[in-house]
Amino acid sequence: MNKRRIIKVIFLPLIICSAFIFCTAIAMFVDPEAFYKFFSATQLVRDIPPQLPHKSYYWDVEHYAKLALSPSCNAFYPLWPLIVRTVFHPQSIEQAAHYFSVVATALFFISTFLLFWVFQIGLQRVDLAFWLVLAYSVNPMAIFRVIGYTESLFTFLSSLLIWICLPKLKLNENLKLCLIFIITFLMALTRPVLIQILFSAIASLGTIFYFYLIQLRLTQNNSLATFTKYISEIKTTITICVSALLGYSIYGSLCLLTRGDFFASFQDQKLWGKKLGLHLELLFTPKSPLFDLLGLYLPVIILFLAVTFVYFKLIEHDLYIFVPQSQLWNLLLIYPPLLILLYVLNFIKYKKQAKLDNFLTSKYTQDLSKNYIFWFCLYFSFIHSVIIFLTQDRLFSLARFIFAVPFFFMAVGYLYLCIPGKKTYNTLFCFIIISAIALFEQWINYGQDRWLG
């Protein structure tokens, strides 16, 4: 293995892991409680009065710990506790919670190396892969990948799914479908993502067909027979949907036997206050950590940009937009509603003055129209935002669903390939700096048993 290869495969992922460790170490130095809580195999004795009720100590990990000791049907899915129960045979809640943290931390480092390798193959740009995986690994939601939540296992499985579906990867079709089936099956048993997986797979295929119809119309070709060129994407969609349904069906059958309700896990989520409703105030305040608001807006923004770029590229029309020049616009990323408002006002202003910029996208943009894994990653993030917005009166946990798994960052990477030059990296750098500060604060919250997201 030559020196350049070693840098790509080992040194750069080590830098990413080190950045996470550095943020963690500084936070633990400032608040030793975070250190003792993370590394202790037993629950720490808190001073009186406690800052929060006892039940907040482990949060969701406590529920998984109970499942590791005694399997049952509830809102928490069985694969994660099954792994810990099978490998470690814990005898108490504290032991199980500690083992979850141990396995999660190991998976964090493994998946960081794996994800960097996958991003590098998919994006074909080492620098972009590095910055994206760094942004993924130092954002405040990355803490969930080491403290025992399902994000660690789900990240590992997601990385494998992205890798198998990469356009650059040439696998035997039957082997590819078999691997997709196994991974999606396991994902459906890890956390409640059945609806998200089904929507993402079907919407991805529909988007590819929509853009293909535009191309047919432009070439005045009315033959639908040429849809057979996307037979691989059709098979992938069917495989993902069937596998996800089968995965949940196994858990649903357990719920049916033990509780008499096939959809008991969905019913349990209503106990958290989930119900259909429209809360427009969430567009301006998340009623939870600020990163939840970013989780609401950023997938929608990326989806809008992707569809716009691809559409104008396919119809070969010039795309005129307002391109901000000041770096201060990157700081508005902290509060997306203001960013959108100011952008729209400037767009209207410059359009009236006929001073909009002719925005040129790269040749890769046309390839994006048929990139299945790009659309899957993007829709997976988008549907989480929609579901949370329409079913909760606050955006609790939304940032975790978006930024603690790699799909959103892969979608951003592909979109970056459509934009010539590297000036747009400044936005990514700004996100990384904000994220690192927020990660530091997150560890402090962890040490003090506060809500993490």
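Helices here are DSSP runs of H or I with at least four residues, numbered from the N terminus, and Glu151 lies in one of them, helix H7, which covers residues 151-165. The model is a predicted one.

**Nonpolar cores**

- The largest nonpolar core has 146 residues, and those with the most contacts inside it are Ile147, Trp375, Phe403, Phe407 and Trp443; helix H5 (residues 93-123) gives the largest share of this core, 14 residues.
- When residues up to four places away in sequence are not counted, Trp443 touches Phe20, Thr24, Ala27, Met28, Ala34, Phe38, Ile143, Val146 and Ile147.

**Glu151 and its surroundings**

- Glu151 counts as buried because its relative accessible area is 0%, where the cut-off for buried is under 20%.
- The side chain of Glu151 makes a polar contact with the side chain of Arg191, at 3.0 Å.
- Leaving out residues up to four places away in sequence, the residues that Glu151 touches are Phe144, Arg145, Arg191, Arg400 and Ala404.

- Helix H18 (residues 407-416) is mostly covered, with 10 of its 10 residues buried; the buried residues of H18 are Phe407, Phe408, Phe409, Met410, Ala411, Val412, Gly413, Tyr414, Leu415 and Tyr416.
- Phe407, one of the buried residues of H18, is also among the residues with the most contacts inside the largest nonpolar core.

**Enclosed cavities**

- The count comes to 2 cavities of 30 Å³ or more, and about 160 Å³ of space lies in the largest cavity.
- The lining of the largest cavity consists of 17 residues, of which Lys37, Tyr58, Ala97, Ile147 and Tyr446 lie nearest its centre; by type, the lining residues divide into 11 nonpolar, 4 polar and 2 charged.
- Helix H2 (32-39) and H5 each supply at least two residues of the lining of the largest cavity, and the largest share of that lining, 4 residues, comes from H5.
- The second largest cavity holds about 50 Å³ of space and is lined by Trp59, Asp60, Phe144, Tyr149, Ser397, Arg400, Trp451, Leu452 and Gly453, a lining that divides into 5 nonpolar, 2 polar and 2 charged residues.
- Phe144 and Arg400, which are among the residues that Glu151 touches, also belong to the lining of the second largest cavity.

**The second largest pocket**

- About 1400 Å³ of space lies in the second largest pocket, which is lined by 45 residues, and of these Gln269, Trp272, Lys274, Gln392 and Phe401 are the closest to its centre.
- The lining residues of the second largest pocket divide into 22 nonpolar, 11 polar and 12 charged.

**Residues with positive phi**

- Most residues other than glycine have a negative phi.
- Gln124, which lies in the loop between H5 and helix H6 (126-138), has a phi near 60 degrees, a positive value in a residue other than glycine; Gln124 counts as exposed because its relative accessibility is 52%, where the cut-off for exposed is over 50%.
- Ser397 has its place in the loop between H16 and H17, and its phi is near 75 degrees, again a positive value in a residue other than glycine; Ser397 is buried, with a relative accessible area of 9%, and is one of the residues that line the second largest cavity.

Conventions
Residues are numbered from 1 along each chain as its sequence is written. This is a predicted model: local features need pLDDT of at least 70, side-chain atom pairs count only at pLDDT 80 or more; totals for chains, interfaces and linings use all residues. Side-chain values use heavy atoms; hydrogens and water are left out. A nonpolar core is a set of buried Ala, Val, Leu, Ile, Met, Phe, Trp, Tyr and Cys residues joined through side-chain atoms within 4.5 Å. Buried means under 20% relative accessible area, exposed over 50%, partly exposed in between (1.4 Å probe, protein chains only). Contact means heavy atoms within 4.5 Å. A polar contact is a pair of N or O atoms within 3.5 Å; within protein, one must be able to donate a hydrogen and the other to accept it, and residues adjacent in sequence count only if both atoms are side-chain atoms. On a 1 Å grid over the protein atoms alone, a cavity is a set of points where a 1.4 Å probe fits but cannot get out, and a pocket is an open set with protein on both sides within 12 Å along at least five of seven lines; lining residues have an atom within 4 Å of a point. Grid points are joined across faces, edges and corners, and a volume is the space filled by probe spheres set on the points. Ala, Val, Leu, Ile, Met, Phe, Trp, Tyr, Cys and Pro count as nonpolar, Asp, Glu, Lys and Arg as charged, and the others, Gly among them, as polar.
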